[in-house]
Amino acid sequence: MKGLAAFGLGAALVFVQTGTAQMGAPDTPPPVSMQAVSGPLAAKYKAEADRILKAGETDDDGYVALTYLCDHIGKRLSGSPQLNTAVEWGAELMRKAGLQNVTVQPVMVPHWVRGSESGAIVAPVTKPLHMLGLGMSVGTPKDGITAEAVFVPSFAALDTMTPEQVKGKIVVFNPGWHGYGVNVMYRAIGPSKAAAKGAVGVLVRSATGLAMQTPHTGSLYYDEKVTKIPAAAISIEDALMIERLCKEGPVKVHLQMDAHMEADVKAGNVMGEIVGSEHPEQVVVIGGHIDSWDVGQGAQDDGSGIMGTFQAVTLIHKLGLKPKRTIRLVFWVNEENGEAGGKAYRKMIGAKIGEQVAAIEMDEGAEKPLGIGYGGFESMMPGAPPFDLSKLPPDQQQSFATLQDIASLLGPIGADKVLPGGGGSDIEPLTDDGVPALAPRTEDLHYFDWHHTEADTLDKVDPKEFRKNAAMLSVVAYVLADMDGHLAGKTAAPAK
């Protein structure tokens with residue numbers, strides 16, 4: 001988590017869909033949620049749901065697989081041998097679990113290489129920086145660059161600066177912490193905005209609220225009309241120190257990065273199914289992304305997502321449940337720095353998009369689940385009016401009521417809320433074309449403490465909460481695949 005398909009409206013919609021606009025922000029009120037309301041679906045599916053929840057209490061297959069993925073395969077950056085090892089392993093995992101139609105859809109992915117890198121304050125004091133180059137960044141010259149740092153607290157402040165104030169300098173963005181949806185924009189488009197004013201490099205405060213001298217990487221997105229300059233994330237503490245020093249007088253920083261692009265590499269989306277008993281052509285697709293950044297183990301992001309959804313699907317299979325529609329499990333590739341897997345899946349579906357009846361993505365970690373998120377709603381964006389169910393079209397209002405009915409089955413695990421904001425980067429190409437978007441929603445206390453860092457390791461995934469997330473998704477996926485009727489998606493995007 002989380003790539004951005006395109007900036008401007010497209011980028012905004014990613015945050016809308018996933019409900020991450022204010023994730024992790026200080027003093028953020030509890031998310032808008034709707035309590036479960038037991039109805040005809042709960043009455044119809046209570047026996048099956050209870051069986052799933054009971055089995056989910058002790059099923060450890062997903063966590064065992066996650067342990068192997070983290071400890072024996074590890075970080076899985078697109079283009080790396082480890083990613084293709086994970087793809088082959090993931091396909092074999094699905095086969096051994098008894099899923100049908102297991103296949104790997106070929107996908108070409110970008111191959112960005114970090115190489116060696118370092119940064120330091122060199123005047124008025126000397127201090128190494130805790131830094132990680134941003135994904136897809138260009139490198140510096142071999143000997144690096146040394147330049148005066150200019151502290152910039154916001155894009156608005158940058159806009160007021162003249163090119164003479166920025167030219168030849170390294171811009172240091174430190175906007176404070178306002179939640180991932182706000183802060184990630186400095187990482188993503190800050191380098192090109194600074195380059196447009198003549199900067200030679202960018203350092204950006206990591207997109208987290210936790211100050212533990214830990215830098216957080218993630219993709220940047222260059223404006224092709226502007227010179228590409230090297231960019232890195234630095235720890236909160238280092239960003240604050242540079243800010244203080246800049247207020248005292250001139251500060252010089254040295255940055256060295258060997259980052260570069262190599263030729264695209266063949267990888268693939270891993271897919272397996274429980275084929276529908278009555279309408280096999282109709283699909284509930286569920287999954288996460290199998291790639292990760294080249295730091296940590298990709299445990300929460302997104303090992304927990306692919307293994308949580310794996311367990312959700314295999315619970316249904318083990319119990320011998322036969323939904324009317326097909327449930328398709330997908331481990332998408334290249335979410336982190338290109339989203340090629342999601343785009344390739346949408347291309348594969350082609351004109352049969354109407355047969356994708358729901359899309360569920362788990363890409364926000366496996367902390368304590370609150371319930372299920374649904375739909376792409378503009379109220380999830382920073383500064384938007386509060387979510388108002390009554391202003392939605394009638395079919396979306398009815399879909400919320402349907403999900404409240406389904407959620408009432410999840411009371412035993414405390415995940416019986418329905419929240420606005422569901423989806424994810426990998427399923428965005430589907431949901432843009434009208435497929436209903438869903439995602440598990442958690443209490444989200446620590447996800448952005450570890451996100452895109454060396455600290456994203458297996459020990460951060462609590463087995464008990466992992467099992468709850470898997471069981472919740474298992475119940476939701478089964479009911480959506482078996483019930484009469486289906487949820488409403490948002491209005492399809494205009495043809496491009």
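This is a predicted model: local features need pLDDT of at least 70, side-chain atom pairs count only at pLDDT 80 or more; totals for chains, interfaces and linings use all residues.
1. E339 sits in the loop between β13 (325-332) and α10 (340-349).

2. Is E339 buried or exposed? Its relative accessible area is 4%. Buried means under 20%, so E339 counts as buried.

3. D444 also belongs on the list. Phi of D444 is near 55°, a positive value, and the residue is other than glycine. Where is D444 found? D444 lies in the loop between β17 (437-442) and α13 (447-450).

4. The relative accessibility of D444 is 12%. Because the limit for buried is under 20%, D444 is classed as buried.

5. The next points concern peptide bonds. Which residues does a cis peptide bond join, with P124 as one of them? The partner is A123, and omega for the bond between A123 and P124 is about 5°. P124 itself is placed in the loop between β3 (117-123) and β4 (127-128). A123 can be found in the model as the end of the range given for β3 (117-123).

6. A cis peptide bond is also present between D301 and D302. What is omega there? The value for the D301 and D302 bond is about 5°. D302 is found in helix α9, which covers residues 299-318.

Terms used: Residues are numbered from 1 along each chain as its sequence is written. Side-chain values use heavy atoms; hydrogens and water are left out. Helices (H or I, at least four residues) and strands (E, at least two) are DSSP runs, numbered from the N terminus. Buried means under 20% relative accessible area, exposed over 50%, partly exposed in between (1.4 Å probe, protein chains only).
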